[in-house]
Amino acid sequence: MNVETILRNKGNRVATIRPEATVGDAVEMLNRERIGALVVSQDGAGVDGILSERDIVMALGDHGGDLMSRPVSAIMTRNVITCEPNDTVGELMAEMTNRRIRHFPVMADGRLCGIVSIGDLVKNRLDEVEFEANSMRSFIAGAA
């Protein structure tokens, strides 16, 4: 199974925010969308950074109450690890584990085309296991 299949099932909508938006704007968007990260993008096509809940919590410890008025660009993760539609679920799960990250923006031909989270990968793997179990049950029932 690969990233393209996951995006086909979940859709390719990506919540983005501009680098000059405030952290307060980002928190509001994360809450409204019920998601854990935003892709930071000036134009909606490229990836300038990523802002996760973890970035916000760490910055809150450093900046306290005035954090909410700071620009997203001041606390975003700039070195973003991305993936491509043909990358496999196994490859991404290994990278997420090794790098301790939970989101991969998906890039195709230099453009942002989706995002996958650890939750998407786990759901995909659970669906595969359930399909395999049902197939095995059908096989056993047919052989009996």
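**Exercise 1.** Find in which sense β1 and β2 pair, and over how many bridges.

*Solution.* Start with strand β2, residues 37–40: β1 pairs with β2 in the parallel sense, over two bridges. Strands here are DSSP runs (E, at least two residues; helices are H or I, at least four), numbered from the N terminus. Two strands pair if DSSP finds at least two bridges between them. Next, look across from I17: V40 in β2 stands opposite. Now widen the view to an open sheet of three strands, ordered β1-β2-β3 with mixed pairing. Its edge strands, β1 (16–17) and β3 (49–52), each pair on one side only.

A word on the model: it is predicted, local features need pLDDT of at least 70, side-chain atom pairs count only at pLDDT 80 or more, and totals for chains, interfaces and linings use all residues. Residues are numbered from 1 along each chain as its sequence is written, and side-chain values use heavy atoms, leaving out hydrogens and water.

**Exercise 2.** Work out which side chain makes a polar contact with the side chain of N2.

*Solution.* First locate N2, in the segment before α1 (3–10). The N2 side chain makes a polar contact with the side chain of T5, at 3.0 Å. The N2 side chain also reaches the backbone nitrogen of E4 at 3.3 Å. (A polar contact is a pair of N or O atoms within 3.5 Å; within protein, one must be able to donate a hydrogen and the other to accept it, and residues adjacent in sequence count only if both atoms are side-chain atoms.)
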